[in-house]
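Take a look at the chain below. This report walks through how its parts pack together.

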Amino acid sequence: MADLIESLRLRVVEQVRGVFNDTARGQKPVPPSEHALFAKDTPIRNVHADLVGMMTGGIRGLLLQMLHPHALQGVLDHSNFREDMHGRLQRTARFIAVTTFGHEDDAMKAIDRVNRIHAKVGGTLPDGTPYVANNPRTLAWVHVVEAQSFLAGYLRHVRPDMPSADQDEYYRQFAVIARALGADPVPETRNEAESIFRELRGDLRPSPEAREVAQLVLTQKPKGTPPGVQAMIGAEAVAMLPDWARSMLRLQRPLLTALPARAATWGVGRTLRWAFKQN
């Protein structure tokens with residue numbers, strides 16, 4: 001029986017790693033390093049280690065990011081997201097993994113690579129306004145909603161009683177990466193994050209393109225992911241959005257499906273933490 005359970009655990013691990021890594025090209029998971037940017041058992045490593053919290057939070061963050069016209073136009077002009085949404089999400093997940101858990105040298109190389117890409121990305125909005133991907137204010141929005149969303153996923157699905165001091169430390173740690181990417185302003189506490197979020201919200205605009213991206217994100221079917229799980233993760237991400245953001249994206253707050261999705265997400269999260277031997 002013990003061998004059967006261990007075989008099942010390893011099968012779950014293999015399937016999940018296949019979703020988040022381009023195994024067809026020989027890509028393997030990022031091994032945790034003793035010389036990472038952040039020490040073991042610190043808030044950023046705990047938050048970014050939980051798969052369900054990161055998946056629900058990641059989708060929430062992406063939906064909010066696409067409400068920023070500059071961030072949205074960069075995706076529309078310089079990305080093949082329509083044909084390769086899963087690949088884009090894989091690359092984002094890998095960047096988070098390398099910068100959080102990988103060797104500090106690999107983390108800085110990944111950041112430098114993104115900065116070089118951003119330096120080449122630019123264009124004009126439909127109204128003729130120029131944009132560049134390395135605009136500090138645009139990067140600040142991308143960062144703050146990402147940080148808030150990852151933390152929201154962790155609080156919702158793993159540790160709702162996470163102390164405020166640990167939440168502030170999470171923002172201080174994540175700020176290291178954000179500043180290296182050129183974001184400004186960058187929060188170092190939960191209160192600062194909420195303040196910057198309110199300030200930058202004025203830059204957002206609803207658009208048919210943002211709604212299109214939202215639908216693509218919510219209806220994607222990554223290879224190896226059961227359809228029911230993907231629907232559940234998407235419903236949880238939408239439920240975590242502010243009401244005004246759902247309105248801008250013309251998304252409905254889950255009602256009849258909210259509790260089942262929450263319960264199913266909790267069950268999947270518990271299973272994954274068992275499979276990966278996480279506390």
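A nonpolar core is a set of buried Ala, Val, Leu, Ile, Met, Phe, Trp, Tyr and Cys residues joined through side-chain atoms within 4.5 Å. Keep that in mind for what follows. The model is predicted.

**Overview**

The protein chain has 13 helices and two strands. Of its 279 residues, 47% are buried. Take the contacts between residues at least 6 apart in sequence: 73% of them join residues at least 24 apart.

**The cores**

The largest nonpolar core holds 56 residues. Within this core, Leu63, Leu64 and Leu67 touch the most other members. Helix H7 gives the largest share, eight residues. What does Leu63 contact, leaving aside its neighbours within four places in sequence? Its partners are Ala214, Val217, Leu218, Leu241, Leu249 and Leu251. There is also a second, separate core of five residues. Its members include Ala175, Ala178, Ala183 and Val186.

The table sets out both pairs.

| Pair | Axis distance | Angle | Residues by class in the contact |
|---|---|---|---|
| H3 and H7 | 7 Å | about 145° | eight nonpolar, ten polar, two charged |
| H7 and H8 | within 11 Å | roughly 145° | nine nonpolar, three polar, one charged |

H3 and H7 cross in a right-handed way. On the H3 side, the contact includes Val52, Gly53, Met54 and Leu64. On the H7 side, Trp141, Val142, Val145 and Tyr154 are among the residues involved.

H7 also passes H8 in a right-handed crossing. Here H7 contributes His143, Glu146, Ala147, Gln148, Phe150, Leu151 and Leu155. H8 answers with Gln167, Tyr170, Tyr171, Phe174, Ala175 and Ala178.

Helix H9 spans residues 190-200. Its buried residues are Ala193, Ile196, Phe197 and Leu200. An α-helix has 3.6 residues a turn, so residues three or four places apart point the same way. The face of H9 turned away from the buried side carries the exposed residues Asn191 and Arg198. The cover over the buried residues of H9 includes H3, H7, H8 and H12.

**Two single residues**

Where is Leu181 found? Leu181 lies in the loop between H8 and H9. Is it buried or exposed? Leu181 has a relative accessible area of 18%. Buried means under 20%, so Leu181 is buried. Leaving aside its neighbours within four places in sequence, Leu181 is in contact with Phe95, Ile111, Val114, Asn115 and Leu139. Leu181 and His118 are 63 residues apart along the chain, and their C-alpha atoms are separated by 9.2 Å.

Gly122 sits in strand S1, residues 122-124. Its relative accessible area is 28%. Leaving aside its neighbours within four places in sequence, Gly122 is in contact with His78, Tyr131 and Val132. Gly122 and Ala133 are eleven residues apart in sequence, and 6.0 Å apart in space from C-alpha to C-alpha.

Key. Residues are numbered from 1 along each chain as its sequence is written. This is a predicted model: local features need pLDDT of at least 70, side-chain atom pairs count only at pLDDT 80 or more; totals for chains, interfaces and linings use all residues. Side-chain values use heavy atoms; hydrogens and water are left out. Axes are lines fitted to C-alpha atoms, for helices over the stretch in contact, and angles run from 0 to 180 degrees between N-to-C directions. Helices (H or I, at least four residues) and strands (E, at least two) are DSSP runs, numbered from the N terminus. A crossing is left-handed if the near helix is turned anticlockwise from the far one by less than a right angle, and right-handed if clockwise. Contact means heavy atoms within 4.5 Å. Ala, Val, Leu, Ile, Met, Phe, Trp, Tyr, Cys and Pro count as nonpolar, Asp, Glu, Lys and Arg as charged, and the others, Gly among them, as polar. Buried means under 20% relative accessible area, exposed over 50%, partly exposed in between (1.4 Å probe, protein chains only).
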